[in-house]
There are 2 protein chains.
Amino acid sequence: MSDNKGVRRVNEDLARERANCSFDVREITFLLDGGENNTITRKKIEDFTLTDELLSDKVPDECLSPKEKYENAVRKSCLFGKLVKDKLLEFGGLETFGPNSFVLRRIADAFFKEISPLLLHLGMFVPTILGQCTAEQQSEWLPRALSMQVIGTYAQTELGHGTFIRGLETTATYDPETEEFVLHSPTLSSFKWWAGGLGKTVNHCIVVAQLHTKGQCHGTHPFIVQIRDLETHQPLPGIKVGEIGPKLGFNTADNGFLGFDKYRIPRMNMMMKNAQILKDGTYVKLDRHGKMTYGTMVFIRVMVVNEVAFNLAKAATIAVRYSAVRRQSEKKPGEPEPQILDYVTQQHKLFICIATAHALQLTSDWLWRTFSGVVTDIKHGKTDSLPEFHALSSCLKAISTSDAALLIEQCRHSCGGHGYMMSSNLPLIYSFVTATRTYEGDYTVLLLQTARFLIKAWEQAEAGKPLTPTVSYLTKYFKDGRVPWDSTSEGIVNAAYGVAAGKISACVKSIRNRVKTGLSYEDAWDLTTVQLVAAAEAHCRAVICDVYRSEAVRLTEKSSPNVRAVMRQLTTLYLHYWALERIGDLLRYSAVSEEDVVALQQKYEELLALIRPDAVGLVDAFDIRDEILNSTLGAYDGRVYERLMEEALKSPLNAEPVNRSFHMYLKPLMQGKL
Amino acid sequence: MSDNKGVRRVNEDLARERANCSFDVREITFLLDGGENNTITRKKIEDFTLTDELLSDKVPDECLSPKEKYENAVRKSCLFGKLVKDKLLEFGGLETFGPNSFVLRRIADAFFKEISPLLLHLGMFVPTILGQCTAEQQSEWLPRALSMQVIGTYAQTELGHGTFIRGLETTATYDPETEEFVLHSPTLSSFKWWAGGLGKTVNHCIVVAQLHTKGQCHGTHPFIVQIRDLETHQPLPGIKVGEIGPKLGFNTADNGFLGFDKYRIPRMNMMMKNAQILKDGTYVKLDRHGKMTYGTMVFIRVMVVNEVAFNLAKAATIAVRYSAVRRQSEKKPGEPEPQILDYVTQQHKLFICIATAHALQLTSDWLWRTFSGVVTDIKHGKTDSLPEFHALSSCLKAISTSDAALLIEQCRHSCGGHGYMMSSNLPLIYSFVTATRTYEGDYTVLLLQTARFLIKAWEQAEAGKPLTPTVSYLTKYFKDGRVPWDSTSEGIVNAAYGVAAGKISACVKSIRNRVKTGLSYEDAWDLTTVQLVAAAEAHCRAVICDVYRSEAVRLTEKSSPNVRAVMRQLTTLYLHYWALERIGDLLRYSAVSEEDVVALQQKYEELLALIRPDAVGLVDAFDIRDEILNSTLGAYDGRVYERLMEEALKSPLNAEPVNRSFHMYLKPLMQGKL
């Protein structure tokens, strides 16, 4: 399963770890890929794509200025786009995955250390045309977009408005005289801000604006707007567009700002699948509008969970391999320095990362299947399950991005100083994942949306009404009293649901008590939001524990005993880790005793020791190629120090022995002549 | 107290917040500065220094490549160094602070967004000469170092060795024939790695190497090594030196690598205050060696706690001011969008940051005073208190850097997408503070050092022996049984000590049980390290709670009632926050009841509401000038959106409407001609 094609020797410690692994690494790779055939296809595509000379940068991207990084990213995006169009589309395997599939995103990570400026063209512009345009409009825009004549992005967020979409200020006012919309940015805070590719790359943009017609505002709607000349790429008159400047990450995506000075677009540039403006300015709304927008939002959240799981797998791979290579200190006087992976504190930091990567991926796969059912239902007009699924996708997006970001930093910390090197790739992985915590729904806002659903569900349970599957536990636990405790995996999952029920119950009490003192429900809710966020977190944690455990059992039904054993160890580790992290909740809402707590801790420490010999095998099973991992610390061959030095020598500062600043400033300072 | 000298209007929301503040902001500034006179002097120095034209970069640093950033930093360092030398040394106020004082570090933050390449010259090179050289050696090196003829850094860490100093591989072998040391790097992993300024800037370097003489190794010792020619700046023959490449932060400090090929230095370049090599190669050791090295380590840790407190204060200032300006959503239908500072979840994220900045600063001031006592003792040969102080400084460094880093990220998250902009300055503040968690002693390693001390103290308590002050609580709590609970501040502090005692006790039991099964003490210790880290954290948390509470009381004895009230609210908030965060520990080790927990939560929420009207006043009281804060979101005038746009327009990508990559790649792709 080695992806290392070179002749270099593999680090001896890593080789020994691999020889001692208890299971066949390929078996877990197949499980995670969803079957051996998927793995074979993926690897074929990777072999085919990643040999391209495009991959190697003579000067590492992180040594460039943001402008140079952008220019390099445009070059690579175009060549990558051409590669996908010319070659991969002919490649049989793509049928399995589809052009927007995760395999392509995986490969793209090898091309772009940060992100492609064209990402939102295929990721948002084209899908929104598919989702929001009439058939007639699609036939106009889709061919031009797919052949890359029209390159677009999606601009919704404004300088002064993000989460609260109803607060957007950009206006699109219909003028029946000319049958045009007039787009306008009335204030500085109404400037569009953030859209990827908007700054310098795209020539079109989907703009979300407040639709005004016949003196009335009908709320926000999407419009297709040409912003640059197709021949010269100059911004069109009435358009103010530019790049928003450096960010923590995403520095190769030229996120942009956009303002309109009474800029006119044809009536038919409104995306009219869900609402229309007739020639005379009459507004016609179709009722499926809101539901379908919901659907897109859920789809994106599912994708986000999948992506952060993959990025956490990258971080875990880097940190575990490095920990097998790095030696430090002595456990007993005179003994040789042990691999740092042999320290229990290091195992405590890292094995939860492997388990969480599995947990999030299996939960996102499960979500994907569940969601497919929902989509079919919606198409047939049945939208009952949408609120539940929306609540679930909201909290899963919030918790998975937050957990993954924290654990990726934990991986970086576990690599000591070397984790701070950009060439470890851990800082870039973090900068990407921490952004997912905010975009497409901020952590706190999403958990409060879930909490809203949970409180409603609680009230239904109280009223004796039936509940949808993911909250059915509330029926069981809505009465006061502690959940019974048993220390099996099933018992821990049950207790986690009991904790969630207990916390939701406490919120209900808190709100009702506040209402009794004369507060409005809204004020009482607002004052309880700290607890509501925690309750939604507890609910989500219980669902992840439950789904991870049951999916791991289901997937390994036909596995070899050793694979079943190690997968079982990981799920048990995850459950114990979170039981111990939330021991205060368990003590409050379950019958767990002090002896049980001590036993949980002991069992957790035993699990670390059991997993230790398989740790390298487990990260190898993620099967992330060196080109995608892009890390001096995490490469398959474990030649950590050689790679660190090689990367250092590429720094432009090392191209000349003496930097000009010596002659200009340092020497005059030394000689007192400055 | 406004530092905004311009004519621009202050944002109306911020102006109203300031008008409604319950206390005189200056009073808290004086408290934090250690008295009104200190504030006056600091502000004089700031006024004097920060008007310099040096401060303004036409192109923001984050738009440059790392190489360009470095060159700009050398320019500024030299001009800043000249400013300090020429003008500030004549300035009366500096006597109060000393040339290495924190006020200068504060000002330096306005000059360098990251760090000066000369930082370690004054920060490590000069102090090590003072601490490790004989008087004769000092008279040779100090004048040249202070006049900047000799520019140096400190190189200890190697590519393959950090924490475990005994494992360093670089050798210094004495040759009595020529009375020289031969420095050598026997392996790639023995290359020095990380020293700031080493890559391109310095001409000298203190090198820590294994001293060999007469066929025997005497462990690591420091040597002064010239590495570059003073005239040409070329690396000298036998020296391999360069820059280590891009990092998460510190990108203006040219951290470097350094290898020796049998490089010779004179005998007298060994720093000989604590150990000497005679001409014939005889090794002579003076016994104070180890103790003084201890002292330097502690000194640096105290400085680190002070620095992270200041950086957390910066982040809190940025996030609180932004939260007063930003408006979002609606609490009740039809109402105007509230300031996001009015959301309880936002208060929950931010007010703990203000309290923690106070807690860490007051604790570091207290440490400073305590340490001064210790230094005097050591000079008189009394070193009994050193182990306690070392254990305390270790855990405080670990916990304060870790807490500050987490809370700075929390501030960034609380600013939504705009916190992700480099111009918010929050990413850079984080990149700086997260490094402090690793350097000068990694988090886990330091907590385990503290744990070692705590277990010994526990055994002494058990044996009925007297304990030093910071662990005297163990005498009280070393028997089993829960600590009584009362919800006053004193009660919570007591319970925190009880928790620490309970966790240390559990570790002792765990280790002893493991020894009973036949394990060696070292193995039993090793298997218990996850719990030991948690116990050391609990000990440190109790000390911070205790010191913060008592210092705040002491400092506000003569304050006005309103200042006393708000400072009291903040300490109470801190205690409640941590009681709730560690509620599982309290339930296990104290007599706290479910009703008490509910009451704690309610009190905590009430405190948020009480602090809310004073939040802006509290961050204004940190009195961090705009030039030092360097943030579009956090400036005193609150003109957030204007500043975001102004900064964006400085991006070099915006200097031309069409980037060349359009003609080179995008247009050919659009036209199918790529």
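In the predicted model, A:Glu46 is buried, with a relative accessible area of 1%, where buried denotes under 20% relative accessible area, exposed over 50%, and partly exposed the range in between (1.4 Å probe, protein chains only). A:Glu46 forms a salt bridge with A:Arg106, the closest N and O atoms being 3.5 Å apart; a salt bridge is defined as a side-chain nitrogen of Lys or Arg within 4 Å of a carboxyl oxygen of Asp or Glu. A:Arg106 lies in helix α6 (residues 102-111) of chain A and A:Glu46 in helix α3 (residues 36-49) of chain A, so the pair ties together parts that are 60 residues apart in sequence. Helices (H or I, at least four residues) and strands (E, at least two) are DSSP runs, numbered from the N terminus. A:Arg106 likewise counts as buried, at 7% relative accessibility. Both residues belong to a network of salt bridges that also links A:Asp33, A:Arg42, A:Lys43 and A:Asp623.

Over all chains, the structure holds 88 salt bridges. Within chain B, B:Glu490 pairs with B:Arg549 in a salt bridge whose closest N and O atoms are 3.3 Å apart. B:Glu490 is located in helix α15 (residues 489-516) and B:Arg549 in helix α17 (residues 529-555) of chain B, so this pair ties together parts that are 59 residues apart in sequence. B:Glu490 is partly exposed at 40% relative accessibility, whereas B:Arg549 is buried, with a relative accessible area of 18%.

Between chain A and chain B, 16 salt bridges are counted. One of them joins B:Glu330 to A:Arg166, with the closest N and O atoms 2.8 Å apart. B:Glu330 lies in the loop between α9 (289-325) and α10 (344-379) of chain B and A:Arg166 in the loop between β1 (152-155) and β2 (171-175) of chain A, so the pair joins two chains. B:Glu330 is partly exposed, with a relative accessible area of 23%, and A:Arg166 is exposed, at 61%. A further salt bridge is formed by A:Glu231 with B:Lys667, for which the closest N and O atoms are 2.9 Å apart.

The size of an interface is often given as the accessible area lost when the parts come together. Chain A and chain B bury about 11600 Å² between them, 62% of it on carbon and sulfur atoms; buried area is the accessible area (1.4 Å probe) that two parts lose on being put together, summed over both. In chain A, the residues losing the most area to chain B are A:Tyr420, A:Leu653 and A:Met670, together 7% of what that side buries. The contact (heavy atoms within 4.5 Å) takes 130 residues from chain A and 130 residues from chain B.

Residues are numbered from 1 along each chain as its sequence is written, with chains lettered from A and ligands numbered from 1 in the order in which they are written. Local features need pLDDT of at least 70, side-chain atom pairs count only at pLDDT 80 or more, and totals for chains, interfaces and linings use all residues, while side-chain values use heavy atoms, with hydrogens and water left out.
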